[in-house]
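Trainee: I have a model open and would like to go through it step by step. Can we start with how the chain is divided?

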Amino acid sequence: MITLHHLNRSRSLRILWLLEEIGAPYDFVLHERDAKINLAPDALRKLHPLGKSPLIEMDGEMITESAAITELLCSKYAPQMIPGASTPAHMRHLELMHFAEGSAMTPILLNLYVGKLGEAGAPLHPRITAELDNHFSYMENVIRPSGHFVLDDLSATDIMLSFPAQIAMRMERRAAYPKLAAFVDMLEARPAYIRAVEKGGV
Ligand SMILES: N[C@@H](CCC(=O)N[C@@H](CS)C(=O)NCC(=O)O)C(=O)O
């Protein structure tokens, strides 16, 4: 049995979406961000020292990190969402699974935090904006003609890259990255994604 500890308005939505896609049985526990400081409640830290979401409980283990969770859930319940070992698609899968949190999120988070500095952060913004576009344009250029990242159907990397792609759209880059925009439109129209939003909020 799987339990998802979900934080509202967070990267955990992609795990909730994945669980809905693969049809695995799971329990859902909603944790609400603090209304004033917007951080996770203490309840999450009591479950895991990092106090972050997504957090899943599976086979008696508490597991964090979206990419690890995605890989584990796909391996067990939807192996067709991971390209076969030793294929070029599998190499791209590995690269993009790590890229999502290890690279694409860096300028996104810098933009968020430096934005809070107001004028004091202004000298950093040209570099941050250049790096945002560096990462978004890489994503735009590796999307396949099918509109997915490594396979011609939904895969684990699509789940992981959904979050930075949605942020690109929120940053008003729809016209700059039309393939990313189509990817976001495609995933947000999927019945499993709609069910995830109904359950966990955006
Ligand atoms: N690299 C981690 C990031 C996890 C993470 O930072 N989650 C955020 C939500 S998007 C969180 O729990 N923030 C609450 C807090 O820091 O209090 C992953 O992909 O799972």
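Trainee: How far apart do the C-alpha centres of domain 1 and domain 2 lie?
Mentor: They are 20 Å apart. The domain assignment gives domain 1 as 2–80 + 192–200 and domain 2 as 83–190, with bounds that come from an automatic or database domain assignment. This is a predicted model, where local features need pLDDT of at least 70 and side-chain atom pairs count only at pLDDT 80 or more, while totals for chains, interfaces and linings use all residues. Residues are numbered from 1 along each chain as its sequence is written.

Trainee: How many residues of domain 1 are in contact with domain 2?
Mentor: 13 residues of domain 1 are in contact with 13 residues of domain 2. Two residues are in contact if their C-beta atoms, placed from the backbone, lie within 7 Å.

Trainee: Which elements give two or more residues to the domain 1 side?
Mentor: α1 (13–22), α3 (66–77) and α8 (191–200) do. The largest share, 5 residues, comes from α3. Helices (H or I, at least four residues) and strands (E, at least two) are DSSP runs, numbered from the N terminus.

Trainee: And by class?
Mentor: That side of domain 1 has 7 nonpolar, 2 polar and 4 charged residues. Ala, Val, Leu, Ile, Met, Phe, Trp, Tyr, Cys and Pro count as nonpolar, Asp, Glu, Lys and Arg as charged, and the others, Gly among them, as polar.

Trainee: New topic, the sheet. What is the order of the strands?
Mentor: The order is β2-β1-β3-β4, in an open sheet of 4 strands with mixed pairing. Two strands pair if DSSP finds at least two bridges between them.

Trainee: Which strands stand at the edges?
Mentor: β2 (26–31) and β4 do; each has a single partner strand, so one side of each is left without a neighbour in the sheet. The twist from one strand to the next averages 20°.

Trainee: In what sense do β3 and β4 pair?
Mentor: Antiparallel, over 4 bridges, with β3 at residues 55–58 and β4 at residues 61–64. Isoleucine 56 stands opposite isoleucine 63, and glutamate 57 has methionine 62 as its bridge partner. The two strands form a hairpin with 2 residues between them, and aspartate 59 in the turn has a positive phi of about 50°.

Trainee: What about the peptide bond from serine 53 to proline 54, cis or trans?
Mentor: Cis, with omega near 10°. Proline 54 lies in the loop between α2 (42–47) and β3.

Trainee: Now helices. At what angle do α4 and α5 cross?
Mentor: Roughly 150°, and the axes of α4 (residues 88–115) and α5 (residues 125–142) come within 9 Å. Axes are lines fitted to C-alpha atoms, for helices over the stretch in contact, and angles run from 0 to 180 degrees between N-to-C directions.

Trainee: Which residues make that contact?
Mentor: Among them are Ala104, Ile108 and Leu110 of α4 and Ile128, Leu132 and His135 of α5. By class, the contact has 7 nonpolar, 4 polar and 1 charged residues.

Trainee: Last one. How many residues surround the ligand?
Mentor: 13, and the closest are Ser10, Leu39, Ala40, Lys52 and Ser66. A residue is near a molecule if its C-beta atom, placed from the backbone, lies within 6 Å of it. The shell divides into 4 nonpolar, 5 polar and 4 charged residues.
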